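These are my notebook entries on one structure. I wrote down each item as I looked it up.

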Amino acid sequence: MVSVLMTSYNRANFIKEAIESVLLQDYTDFELIIVDDSSSDATWDIIKAYANIDKRIKAFRNIENLGDYPNRNRVASYASRKYLKYLDSDDILLPGSLMQMV
């Protein structure tokens, strides 16, 4: 029902918590789409590790840095669900957030 859309760029210090906040939601009918904007730190490695253990995560990496808003458009182009929820890679969803939004 929901596509959670996350873009990232050099967020290795924050992205684990952001991803986990989505995976721990009590509403589970979602896909988490993450598009990394060619990070130079460990962000992409962290994203790949989570994508390898949870099939709800779809991970993509830009070959070159697009910048914030073009990357937001790119992540939205991968969405397949009825509702879209953007979540920044340095933010979290509080417990119950997706259920409340739906």
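I looked up the partner of S3 in β4 and found that the bridge joins S3 to L84. Strand β4 covers residues 83-86, runs parallel to β1 and is joined to β1 by 4 bridges. I count two strands as paired if DSSP finds at least two bridges between them. Strands are DSSP runs of E with at least two residues, helices are runs of H or I with at least four residues, and both are numbered from the N terminus.

I note that this is a predicted model, where local features need pLDDT of at least 70, side-chain atom pairs count only at pLDDT 80 or more, and totals for chains, interfaces and linings use all residues. Residues are numbered from 1 along each chain as its sequence is written, and side-chain values use heavy atoms, with hydrogens and water left out.

Next I checked how β1 is covered. In β1, 7 of its 7 residues are buried. Buried here means under 20% relative accessible area, exposed means over 50%, and partly exposed lies in between (1.4 Å probe, protein chains only). V2, V4, M6 and S8 point one way from the strand, while S3, L5 and T7 point the other way.

I then followed β1 to its other neighbour. β1 pairs with β2 in the parallel sense over 7 bridges. Within β2, D36 is the bridge partner of S8. From β1 the chain passes through α1 to β2, and this β-α-β crossover is right-handed. Right-handed means that, with the strands pointing away from the viewer, the path from the first strand over the helix to the second runs clockwise.

I looked at α1 itself, residues 15-23, where I15, A18, I19, S21, V22 and L23 are buried. What do these buried residues pack against? I found β1 (2-8), β2 (30-36), α2 (43-53) and β3 (57-61), with contact taken as heavy atoms within 4.5 Å.

I searched the whole structure for salt bridges and got 8. The criterion is a side-chain nitrogen of Lys or Arg within 4 Å of a carboxyl oxygen of Asp or Glu.

One of them joins R11 and D90, at 3.6 Å from N to O. R11 sits in the loop between β1 and α1, and D90 in the loop between β4 and α4 (97-101), 79 residues apart. R11 is partly exposed at 28% relative accessibility, and D90 is partly exposed at 39%.

Another joins K58 and E31, with the closest N and O atoms 2.7 Å apart. K58 is in β3 and E31 in β2, so the pair ties together parts 27 residues apart in sequence. Is E31 buried or exposed? I read 3% relative accessibility, which counts as buried, whereas K58, at 33%, is partly exposed.

I also logged R61 with D36, at 3.3 Å from N to O. This pair links β3 to β2 across 25 residues. R61 is partly exposed at 37%, and D36 is buried at 0%. Salt bridges that share partners also join D68, R72 and D88 into one network.

Last, I looked up the largest pocket. About 180 Å³ of space lies in this pocket. The lining has 13 residues, and T7, S8, Y9, R11 and D68 lie nearest the centre. β1 and α3 (68-77) each supply at least two lining residues, and α3 gives the largest share, 3 residues. On a 1 Å grid over the protein atoms alone, a pocket is an open set of points where a 1.4 Å probe fits, with protein on both sides within 12 Å along at least five of seven lines, and lining residues have an atom within 4 Å of a point. Points are joined across faces, edges and corners, and the volume is the space filled by probe spheres set on them.
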